[in-house]
Amino acid sequence: MFNCEFFVIRTDNLDNIAIRFHFGCYFHTANGHVHYVGGEIAESWIDVDKLSYFEIKGHLGDHLTSKSILWLYWLQPRMDLGAGLVLLLDDASSKVMIDYHTNGGAVDMYAKEVGMEMSADDQEI
């Protein structure tokens, strides 16, 4: 199994935050530990003053074109995937995420596919 978890990004420019997107993977539990297996990793830099839920989703869209419905989770610093994942729901949860990442470190963001979007073309009338 390929595990797409760890490499380090660091910046001294605290006006921007690095978000490391993990996508196209799946969560797997083995021996009591959660892993995010397979997929790709891409990075975006976002101005902290412009950070919002939709800004983050837009940056993920720069790397991933998917019609899937995705849930986004961010990993709390110094925690493992089994205990440290937090669901990103809205602008308020984006603010909480920033409060955890004030030292110039990167945010690890994990995308989980939970369903497919349907359009009018997909439905039989």
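With which side chain does the side chain of aspartate 108 make a polar contact? The legends below begin with that view.

**View 1. Aspartate 108 and its polar contact with arginine 20.** This is a predicted model, in which local features need pLDDT of at least 70 and side-chain atom pairs count only at pLDDT 80 or more, while totals for chains, interfaces and linings use all residues. Residues are numbered from 1 along each chain as its sequence is written, and side-chain values use heavy atoms, with hydrogens and water left out. Aspartate 108 lies in strand 7 (residues 107-116), strands being DSSP runs of E with at least two residues, and helices runs of H or I with at least four, numbered from the N terminus. The side chain of aspartate 108 makes its polar contact with the side chain of arginine 20 at 2.5 Å; such a contact is a pair of N or O atoms within 3.5 Å, where, within protein, one must be able to donate a hydrogen and the other to accept it, and residues adjacent in sequence count only if both atoms are side-chain atoms.

**View 2. The buried and exposed residues of helix 1.** In helix 1 (residues 53-63), Tyr53, Ile56, His59 and Leu60 are buried, meaning under 20% relative accessible area, with exposed over 50% and partly exposed in between (1.4 Å probe, protein chains only). Seen down the helix axis, these buried residues fall within an arc of 130°, so they line one face of helix 1; the arc is that of the directions from the axis to the C-beta atoms. Phe54 and Asp62, on the other side of helix 1, are exposed.

**View 3. Tryptophan 71 in strand 5.** Tryptophan 71 belongs to strand 5 (residues 68-75) and is partly exposed, with a relative accessible area of 41%, whereas aspartate 108 is buried at 12%.
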